[in-house]
Structure formats: C-alpha cells, structure tokens
Amino acid sequence: MTAMPAGNPEEPEVRSMELWVSYTLRIGVTIAAIVILFGVILYVIQGSSGAGHLQSMDDLKPGQKNTIDVSWSSIWNGLKDFESIAIIQVGLLILLLTPVTRVALTLLLFLRDRDRIFAVITAVVLAILLG
C-alpha cells in the first residue's frame, strides 16, 4: 500500500475552471482600463466644451447645461459621434459587467460539473446582480 503524497496536485478540470474565471476577470478589467484610458485621452484632446465637460463642481447639479446624460441612446449616439464621455461610459459598463460575466461563467461551469448546490447559489447571485 502506497501513501498519498501530501499536497496532491489539483485535478486538471478544477484548475481549468479557476483559469477561466481568472482570465475572465483579467481580460475584462484590462479591456475596460484601455477603453477608459482612450476616452480620457480623447477627453483631454477634445478640450472642455460640450456636454460632460465640467468647468466647476456646480456643473454636476441637476439641470445644468453640462450634465451627463446616462442612457443607452445617449451612449450609442455619443459613440457614433466619437464623444469621449460616451467612450468612458462604455469602459465603465465593461468594468461593471466583468464580475457579472464571471458569475455567469461560474454558473455554467457548475452546471457542467453537475454541482447543483453551487449552481443554485450562483444562479441566485446572478439574479441579484442582474435585478
């Protein structure tokens, strides 16, 4: 009878699951950072005129001319017009969706492994995040 060595290496499937989750977070955060950085650089290049370009902190008050509209249509129209604020907003959306994507990927991996308890817990967490 042979003794099992201490600190058995993890099963390849478990390690693969951890890598997928890790890559999802790394790639999402990296893409978000690049998009936000591009938007900030464009913001500096375009100067301080138009919506979202603040002259003072009072410009953040509701009803001011420089308030930033945050809606799907304003972001889409801003992207079509190559506006820096819309690009920054897309970067922030990517950053916010990264952990949601991670939870969704984890749910799929638990379902694949037929781990019902963790799949249900993860589905609840995903529903909360999306709700």
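**View 1. The whole chain.** The protein chain has four helices and zero strands; here helices (H or I, at least four residues) and strands (E, at least two) are DSSP runs, numbered from the N terminus. Along the sequence, the pattern reads α-α-α-α. This is a predicted model, in which local features need pLDDT of at least 70 and side-chain atom pairs count only at pLDDT 80 or more, while totals for chains, interfaces and linings use all residues. Residues are numbered from 1 along each chain as its sequence is written, and side-chain values use heavy atoms, with hydrogens and water left out. Of the 131 residues, 25% count as buried (under 20% relative accessible area; exposed is over 50% and partly exposed in between, with a 1.4 Å probe and protein chains only).

View 2. Helix H2 spans residues 72-80, and its buried residues are Ser-74, Ile-75 and Gly-78. These residues sit on the same side of H2 because they cover an arc of only 100 degrees around the axis, taken from the directions from the helix axis to the C-beta atoms. An α-helix has 3.6 residues a turn, so residues three or four places apart point the same way. Helix H3 (84-112) is included in what covers the buried residues of H2, judged by contact (heavy atoms within 4.5 Å). After H2 comes Phe-82, whose phi is positive, near 60 degrees.

**View 3. A stacked pair of rings.** The structure holds two aromatic pairs. One of them joins Phe-110 and Phe-118, which are stacked, with 5.4 Å centre to centre and 25 degrees between the planes. Rings of Phe, Tyr and Trp (its six-membered ring) pair if their centres lie within 6.5 Å; planes under 30 degrees apart count as stacked, over 60 as edge-to-face and the rest as tilted. Phe-110 counts as buried because its relative accessibility is 14%, whereas Phe-118 is partly exposed at 44%.

**View 4. Val-125 in helix H4.** Look for Val-125 in helix H4, which covers residues 116-130. Val-125 counts as partly exposed because its relative accessibility is 37%.
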